[in-house]
Amino acid sequence: MAHRTSDRERNEWAVSLLELQPTDRVLEIGFGPGVAIALMSRVVTSGSVVGIDHSEVMLQQAKKRNASAIEQGRVQLRLASVADFPTGHGRYDKCLMVNAFHYCDNSEDILRRVQRQMNPGGKIVIAFQPCIQGSTSEDVLKAGHTMLEKLKASGFSRTHLDIKSMAPDSVACVVGVRE
Ligand SMILES: C[S@@+](CC[C@H](N)C(=O)[O-])C[C@H]1O[C@@H](n2cnc3c(N)ncnc32)[C@H](O)[C@@H]1O
């Protein structure tokens with residue numbers, strides 16, 4: 001998965017929307033092979049990057065990709081389902097979900113719990129790229145609006161939807177802030 005240009009581009013764009021600062025505490029839900037974790041840990045040099053994913057296979061791949069940042073204590077990767085969203089690990093300034101939101105049941109409930117774990121002014125970015133044969137730009141737009149509505153309903157403010165044209169499909173990113 002991590003070798004496809006589209007995976008890299010999608011993750012790069014989503015991470016850029018977070019406007020990371022070196023001191024940020026960042027959470028990624030559904031990190032997969034850890035591409036975004038690696039991108040983020042290059043910028044977050046004195047904060048921390050925490051990731052959760054429920055797949056042991058993905059955990060091992062992401063650990064390998066981020067071995068040196070893990071060893072330096074700047075990245076922590078955990079095997080966990082978002083349904084058991086881990087609380088008590090402190091508060092986050094930024095949260096990222098890339099092609100993971102659509103796998104979550106009770107996504108509004110999860111977003112509410114994420115929001116409670118974020119510092120005031122904290123930013124969330126949720127990205128979606130179908131990568132399914134036959135999907136259209138209308139499908140991406142529709143999915144983007146659904147994510148936007150859920151973000152608003154779960155209490156995030158200053159929400160907006162961005163669409164970027166990319167191969168093989170456009171990417172929808174929604175952004176929100178915890179007031
Ligand atoms: C399509 S992959 C995307 C990986 C990565 N974010 C990317 O875009 O390259 C979705 C990831 O979300 C994880 N995932 C799906 N449902 C999850 C859940 N309920 N809790 C934690 N992780 C989940 C999967 O294990 C997988 O690694």
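Which residues have the most contacts inside the largest nonpolar core? Keep that in mind as you open this predicted model, and select Ile 29, Val 114, Ile 124 and Ile 126: those are the ones, in a core of 29 residues.

Now colour the elements that each supply at least two residues of this core: strands E1, E2 (48–53), E4 (92–98), E5 (118–128) and E7 (171–177), plus helices H5 (107–116) and H6 (137–153). Helix H6 gives the most, with 5 residues. A separate core sits apart from this one; it has 28 residues, including Ala 36, Leu 39, Met 166 and Val 171.

Back to Ile 29. Show its contacts beyond four places in sequence, and you'll pick up Ile 52, Val 82, Phe 85, Cys 95, Leu 96, Met 97, Ala 100 and Val 114.

Next, click on Gly 30, in the loop between strand E1 (25–29) and helix H2 (35–43). Gly 30 counts as partly exposed because its relative accessibility is 22%. With residues up to four places away left out, Gly 30 touches Ile 52, Asp 53, Val 98 and Ala 100.

Last stop, the largest pocket, with about 790 Å³ of space. Gly 30, Val 98, Asn 99, Ala 100 and Tyr 103 lie nearest its centre, among 37 lining residues. Elements giving two or more residues to the lining are H1 (5–17), E1, H2, E2 and H5, and H1 has the largest share, 3 residues. Colour the lining by type and you get 19 nonpolar, 11 polar and 7 charged residues.

Conventions: Residues are numbered from 1 along each chain as its sequence is written. This is a predicted model: local features need pLDDT of at least 70, side-chain atom pairs count only at pLDDT 80 or more; totals for chains, interfaces and linings use all residues. Side-chain values use heavy atoms; hydrogens and water are left out. Helices (H or I, at least four residues) and strands (E, at least two) are DSSP runs, numbered from the N terminus. Buried means under 20% relative accessible area, exposed over 50%, partly exposed in between (1.4 Å probe, protein chains only). Contact means heavy atoms within 4.5 Å. A nonpolar core is a set of buried Ala, Val, Leu, Ile, Met, Phe, Trp, Tyr and Cys residues joined through side-chain atoms within 4.5 Å. On a 1 Å grid over the protein atoms alone, a cavity is a set of points where a 1.4 Å probe fits but cannot get out, and a pocket is an open set with protein on both sides within 12 Å along at least five of seven lines; lining residues have an atom within 4 Å of a point. Grid points are joined across faces, edges and corners, and a volume is the space filled by probe spheres set on the points. Ala, Val, Leu, Ile, Met, Phe, Trp, Tyr, Cys and Pro count as nonpolar, Asp, Glu, Lys and Arg as charged, and the others, Gly among them, as polar.
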